[in-house]
Amino acid sequence: MIERKSLGIAVVGAGRIGGLRARLAAEYPAVNFIAIADADPARARDLAAQIGAQFHGGDNLAAISRPEVNAVIVASSEGEHVQAVMQALERGKAVLVEKPIALTLDDADRIVAEARKREADLRVGYSRRYKDRYLIAKEQVVQGRVGRIVGASARVFNSRSQAFAMLKRNPGATPVVDALTYYVDLLNWLLESTHVTEVFARGQKGVLKQAGHDTDDVNWAILTYADGTVASLGVSYALPEKYPALGHAARVEVLGTEGVMILDDDHTDQLMYSEKGVPHVYLPDHSVNMVFLQSGTPGDWALGDFLGPIANETRAWLDHLALGKPCVLATASEARRTLEVTLAIERSAASRKPVALPLVA
């Protein structure tokens, strides 16, 4: 018999993703209490009113510490994850934190050590894992249908308008650390029996630097894994401001001894043009006339329901907590390893030299 557990959820960060996850949690049958916290108490109040949350305010710790709360979603800005995660772990709560787990390895190591010490259930939201095509790809790897993976590639493009918003939140949330990280995690997940031992990367500065950010417009990297597998990764968040993708335009390829997978995730096959304009999933007051439907990274609203990776991932996490079902959300250690690779890519691009892993100060 499945043991069913009641859930009380604290959501730290009432922005776009925190708001989505809060709405999804509010609809989940096992959730009977929700607390919302945000640095802007008015935003926490508004979200609480929309979903019927029982508590709201501007104090993260007050929400996390509520006796009704046994799980915490940390959806604050990238540079603000660490304190809320540590507060939750110290109080014995399960945690779902948005990627990246932190912006430095020291902070990531603090989180990993605390989670290990508490034997805590901490997961990191790399939502590409919960996009259908990548779940299905993982199944093919698990079933051995491509044989031993010997090579892989992934690249992701996005508009400069989203890069500007990301860098404004936190200069350390670069396209490599905050966006390419999804595809580092994805390849590491597909290649979970091995690990990256060397990174060689190059970058090129242009429009992002002209706008005041000392950040590359484009980066390409070669990853070498311990078993000899070689992968290439690329990212550019400098496409034109009105580029019709609402999120990631991506392509992933996996080469094995007995098969190959080519996963086209650009969504150029779903084109719409609207004279009224289409709102951007991440950027308020930003709309485009031409859009690639389903290119919004979190997912899409359709007839009152939110569909896509964030919904799949959130429900899988809630199922895991309430019903004990297994889930494939990244663990703290996996997220720390992914952060290390992205930092190595940036270090290699800056030094123009190969970088060995594990990283040394």
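**Pockets, sheets and a buried aspartate**

Biologist: Which residue classes line the largest pocket?
Modeller: Its lining has 16 nonpolar, 13 polar and 11 charged residues. Asp, Glu, Lys and Arg count as charged; Ala, Val, Leu, Ile, Met, Phe, Trp, Tyr, Cys and Pro as nonpolar; the others, Gly among them, as polar.

Biologist: Before I go on, what am I looking at?
Modeller: A predicted model, where local features need pLDDT of at least 70, side-chain atom pairs count only at pLDDT 80 or more, and totals for chains, interfaces and linings use all residues. Residues are numbered from 1 along each chain as its sequence is written, and side-chain values use heavy atoms, leaving out hydrogens and water.

Biologist: How much space lies in the largest pocket?
Modeller: About 870 Å³. A pocket is an open set of points on a 1 Å grid over the protein atoms alone, where a 1.4 Å probe fits, with protein on both sides within 12 Å along at least five of seven lines; lining residues have an atom within 4 Å of a point. Points join across faces, edges and corners, and volume is the space filled by probe spheres set on them.

Biologist: Which residues lie nearest its centre?
Modeller: Arg16, Ala75, Ser76, Ser77 and Arg169, out of 40 lining residues.

Biologist: And which helices supply the lining?
Modeller: α1, α4 (81-90), α7 (160-169) and α8 (175-190) each supply at least two residues. Helix α7 gives the most, with 5. Helices (H or I, at least four residues) and strands (E, at least two) are DSSP runs, numbered from the N terminus.

Biologist: What is the volume of the second largest pocket?
Modeller: About 360 Å³. It has 21 lining residues, and Pro279, His280, Val281, Gly299 and Trp301 are the closest to its centre. By class, this lining has 15 nonpolar, 4 polar and 2 charged residues.

Biologist: Which elements give it at least two residues each?
Modeller: α1, β13 (271-279) and β15 (300-302). So α1 turns up in the linings of both pockets, given how helices are defined.

Biologist: Let's stay on α1, then. How many of its residues are buried?
Modeller: In α1 (residues 16-26), 8 of 11. They are Ile17, Gly18, Gly19, Leu20, Arg21, Ala22, Leu24 and Ala25. Buried means under 20% relative accessible area, exposed over 50%, partly exposed in between (1.4 Å probe, protein chains only).

Biologist: New topic: sheets. In what order do the strands of the β1 sheet run?
Modeller: β3-β2-β1-β4-β5-β6-β17, an open sheet of 7 strands with mixed pairing. Its edge strands, β3 (55-57) and β17 (330-331), each pair on one side only. Two strands pair if DSSP finds at least two bridges between them.

Biologist: How many bridges join β1 to β4?
Modeller: 4, and β1 (residues 7-12) runs parallel to β4 (residues 71-74). Ala10 stands opposite Val72 there.

Biologist: What about the sheet with β12 in it? What is its order?
Modeller: β12-β11-β7-β10-β9-β8-β18, an open, mixed sheet of 7 strands. β12 (260-265) and β18 (355-356) are the edge strands, each pairing on one side only.

Biologist: Do β8 and β9 pair parallel or antiparallel?
Modeller: Antiparallel, over 8 bridges, between residues 196-204 and 218-225. Arg202 has Trp220 in β9 as its bridge partner.

Biologist: Last one. Why does Asp185 count as buried?
Modeller: Because its relative accessibility is 1%. Asp185 lies in helix α8.

Biologist: What is Asp185 in contact with?
Modeller: Tyr126, Arg129, Ala330 and Thr338, leaving aside neighbours within four places in sequence. Contact means heavy atoms within 4.5 Å.
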